Amino acid sequence: MNTVTLVKRSHQRLYFLRSLRRANVSQPLLLSIYRCAVESILTYGILVWFTSCTVAERRALQGIIKTAQRITNANLPSLDDIYKAQCLRRAINIKDTSHPANHLFTMLPSGRQFRSLQARTGRLKNSFYHCAIKELNSNSEHWEARSNFEEYR
């Protein structure tokens with residue numbers, strides 16, 4: 001998806017947020033409308049296109065979120081945080097043994113972190129699988145606590 005199109009569509013949806021704000025709609029309702037109308041556009045296919053975005057494109061998309069923060073008067077997660085959360089959620093699903101890409105997520109002999117994949121090109125280094133493994137490894141303490149909890153259940 002072209003990020004220029006995403007920015008354009010998001011700006012169109014911010015208009016509705018502004019008009020609802022002028023109509024004194026409550027903050028929880030504004031946040032709900034933001035998540036449905038604006039955030040859904042920004043996060044559509046984010047796992048595919050986010051790593052290949054330039055810094056300027058990410059700034060433009062983050063600017064939409066900052067504008068929505070001013071309109072809703074609430075703290076909203078950054079685009080980077082949204083990407084990391086979705087990446088972790090998808091990686092959890094891939095860790096299931098029935099998933100076809102499960103073989104890419106192998107543990108190191110220590111059993112604490114996942115093995116990094118070999119990549120020669122920048123395009124492959126920025127792919128979803130590499131980023132998902134990085135996220136899983138950066139949250140390894142969380143995974144250990146969670147796996148211990150699941151074993152306890």
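Me: Which helix has the lowest mean pLDDT among the elements of the protein chain, and which the highest?

Reply: Happy to start there. This is a predicted model, and pLDDT is the predictor's confidence in each residue. Helix α8 (residues 140-152) has the lowest mean pLDDT of the chain's elements, 47, while helix α4 (residues 55-72) has the highest, 93. For the protein chain, the mean is 82, with 90% of its residues at 70 or more.

Me: Where does pLDDT stay under 50?

Reply: Over residues 145-153, and for that stretch the model has one contact beyond four places in sequence. Where pLDDT is low, the predicted coordinates should not be read in detail.

Me: Let's turn to S10. Is S10 buried or exposed?

Reply: Buried means under 20% relative accessible area. S10 counts as buried because its relative accessibility is 0%. Its place is in helix α1 (residues 3-22).

Me: What does S10 touch, leaving out residues up to four places away in sequence?

Reply: S10 touches V38, I41, L42 and I64.

Me: At what angle do α1 and α2 pack?

Reply: Angles over 145 degrees count as roughly antiparallel. Here α1 and helix α2 (residues 27-43) pack at about 170°, their axes 9 Å apart, so α1 is roughly antiparallel to α2.

Me: Which residues meet there?

Reply: From α1 they include L6, S10 and L17; from α2, V38, I41 and L42 are among them. By type, the residues of this contact divide into 11 nonpolar, one polar and three charged.

Notes. Residues numbered from 1 in each chain as written. Predicted model: local features only at pLDDT ≥ 70, side-chain atom pairs only at ≥ 80, totals over all residues. Heavy atoms only, no water. Helix = DSSP H or I, 4+ residues; strand = E, 2+ residues; numbered from the N terminus. Buried < 20%, exposed > 50% of the residue type's maximum accessible area, 1.4 Å probe, protein only. Contact = heavy atoms within 4.5 Å. Axes fitted to C-alpha atoms, helices over the stretch in contact; angles between N-to-C directions. Parallel < 35°, antiparallel > 145°, perpendicular 65-115°, else oblique. Nonpolar A, V, L, I, M, F, W, Y, C, P; charged D, E, K, R; others polar. pLDDT = per-residue confidence, 0-100.
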